[in-house]
Structure formats: structure tokens, C-alpha cells
Amino acid sequence: MDRSLERFAGRILGVATMHEKERVIGPALMAALPLAGHRPIAGVDTDQFGAFSGEVQRRLDPLATCVEKAKHGALIGGFDLVVASEGSFGPYPLAPFISCDEEIIVLYDARDGMVFHYRHVSLEIAFGGERCANWPQVSAFAERMRFPEHRLVVRTKERWEQGDVLIKGISGFPELRQVTEEIQEQHGTCWVETDMRAMYNPTRMKVIAATAERFGQELATLCPVCGELWFRVTQAIPGLPCDLCGWPTESVRAFERSCRSCGYTHHVDRPDGKTHEAPQHCGHCNP
């Protein structure tokens, strides 16, 4: 075993989740690190840091929230090595008309306070919400969101307030119709949205699995100078040349990896092997 990875040797990983994320995060990190096992942390309350359905607003940014989740897990479960994740959903910055899923995973080592983290953005997402005035609108929305494979949340209005009706984890059309028609009868409309808790959104769970796999690979990547682990990507470098004119585009050409210990950096090519960008993404060919 490499000396740098001895940090994890024989240790049990605690997974701070209420939503079954241990099913994908634990195996992914065990495949990359010399861990002895992984366990979900009993009694952990990650909803106190924010709930997708609106009852609890997230107070901190996603990374800070994820760190707090991991530290909470260490405190509650008595684990000295804890992993947690945090998801955010909304417009993709490069194409705001497309939704994206940003997942952050944090690994907290309570022995020395070290925090490792990884961020992954995916366009593979089942996410949305809609105000509906009748059953046909509800049914059409549900089908677009791949219900019932992906469960739904129904509430009185888009922004939840104390006292509002809120029903989560709806898993069948009969229940969905009964709930939405009751609210519509009283209030005229109802708000229907995807339940973004991982165990009720298989598409999100798949993204979390991919994020954990990439995180494990990055943790196990060693600095070529000093041998320290987590020789991680710290910057995306634009300039992928246009396939038609050769002009540098805004697309990523390479990545910079950096060592947190000795400060060594170097550039690596795109992992997908792409060397040129299509002309429609070129500011010279398609201004």
C-alpha cells in the first residue's frame, strides 16, 4: 500500500445520510481506498441543514453545508471518518434553459480535521415543479418527470409556509390524484414537484454514484513529486481549438492538477480525448 493511502487503511467509513446514499457512496470509496467497511450513521439528521421540499432553508453555501453534515455525522455516530453529500438543482450556467444537478461530496477526517471534497455537475436530471389547476395538468407533469419511478411532492403553493399542506414521497397515480384534487378543490391550484431525496429519485442517485466514483479516483491520485494523496483538479483551462478554423474556444482544453502539500501543479489532457470543438461553439465561426 502507498504510504499516503495509509490514512484510510482499516477504517470504517460513516455515511451521514437519511436518504440511503450509503448504497452508492460507500462502495465507490471502498473501491478506491483501503477502507475496512462503511455504515450509515444511525440517528443523523441531515434535514436540519436544508430540505428540498422547503420546510428548512439551507443557510450556508453547498460546500459549507456538506462539511457541517459530515461533522454532525461524526458527532452523532462516533465515527472519525465521515462522508456526506449535498445536491443543488437549477439552470445550467452555460445554457440556462437546461436544468442541471450539482453534487458535492465531502470526506471529513476527525483525527486531524482534514476535509476532502469533490464537485460534479450533470445534465442527467429528473427535476421540475409546476402549478396545476386540474388533474390532466398534474398527470401530464407526472409523466414528464418519469413518475412513479421518480416520486413527487405536492403542496399548496410553490413556496411552503407554516401550516401549508405538504405531502412527500408520493408513489402512485391514485394517491397523486386524490391529494392534488383535494388541494385544488380548496385552493384552486396546487404545486407539484419532483421529490429530490436520493432514494426517491433514481436519476439523482445515479449522479451521486458517479460523483463518488470520481471522488474516490481523485483521492487516490498521488502527487508525482511528493507522493501525497488527493492530487486534484483545481482549474479547468479553456481554449479547445475550433475544428474548422483552429481558433481557441471557451471549451475546456485541459485541467490543472495541484498538490495541497507541496504546491506542485501540472496540466492534464481532457479524459475524454477530445482535441477540437465543433464550429457552432466557436466565437469566430459562430459569433
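Biologist: What makes E218 and R257 a salt bridge?

Modeller: In this predicted model, their side chains meet with N and O 3.6 Å apart. The limit is 4 Å between a side-chain nitrogen of Lys or Arg and a carboxyl oxygen of Asp or Glu. So the pair E218 and R257 counts as a salt bridge.

Biologist: Why is E218 called buried?

Modeller: Its relative accessible area is 7%. Buried means under 20%, so E218 qualifies.

Biologist: And R257, buried or exposed?

Modeller: R257 has 18% relative accessibility. That value is under 20%, so R257 is buried.

Biologist: How many salt bridges does the whole structure hold?

Modeller: A search finds 21. One of them joins E86 to R58, with the closest N and O atoms 2.7 Å apart. E86 sits in strand 3, and R58 in the loop between strand 2 and helix 2 (62–77). The two are 28 residues apart.

Biologist: What makes E86 and K69 a salt bridge?

Modeller: Their side chains meet at 2.6 Å, N to O. The limit is 4 Å, so the pair counts. E86 is in strand 3 and K69 in helix 2, 17 residues apart. Both E86 and K69 are buried.

Biologist: Now the surface. Why is F97 called exposed?

Modeller: F97 has a relative accessible area of 75%. Exposed means over 50%, so F97 is exposed. F97 lies in strand 4 (residues 95–109). With I98 and L123, F97 forms a nonpolar surface patch. Together these residues have about 330 Å² of accessible area.

Biologist: Which strands form the open sheet, and in what order?

Modeller: Four strands form the sheet, ordered 6-9-7-8, with antiparallel pairing.

Biologist: What makes strand 6 and strand 8 edge strands?

Modeller: Strand 6 (129–132) and strand 8 (166–170) each pair on one side only. From one strand to the next, the twist averages 20°.

Biologist: How do you know that strand 7 and strand 9 pair?

Modeller: Four bridges join strand 7 (residues 152–155) to strand 9 (residues 190–194). Pairing needs at least two bridges, so these strands pair. Within this arrangement, V153 stands opposite E193 in strand 9.

Biologist: What does helix 3 touch on the sheet?

Modeller: Helix 3 (residues 135–144) packs on the sheet and touches strand 6, strand 7 and strand 9. Its direction makes about 165° with that of strand 6. Helix 4 (residues 173–187) also packs on the sheet, touching strand 6, strand 7, strand 8 and strand 9. The direction of helix 4 makes about 20° with that of strand 7.

Biologist: Which residues of helix 1 (residues 22–32) are buried, and what covers them?

Modeller: The buried residues are E22, V24, I25, G26, A28 and L29. Their cover includes strand 1 (12–15), strand 2 (37–40), strand 3 (81–92), strand 4 and helix 5 (202–219).

Notes:
Residues are numbered from 1 along each chain as its sequence is written. This is a predicted model: local features need pLDDT of at least 70, side-chain atom pairs count only at pLDDT 80 or more; totals for chains, interfaces and linings use all residues. Side-chain values use heavy atoms; hydrogens and water are left out. Patches are made of residues with over 30% relative accessible area and no salt bridge: like charges are joined within 9 Å, nonpolar side chains (Val, Leu, Ile, Met, Phe, Trp, Tyr) within 5 Å. Accessible areas come from the Shrake-Rupley method with a 1.4 Å probe; for residues, only the protein chains shown count as cover. Buried means under 20% relative accessible area, exposed over 50%, partly exposed in between (1.4 Å probe, protein chains only). Axes are lines fitted to C-alpha atoms, for helices over the stretch in contact, and angles run from 0 to 180 degrees between N-to-C directions. Contact means heavy atoms within 4.5 Å.
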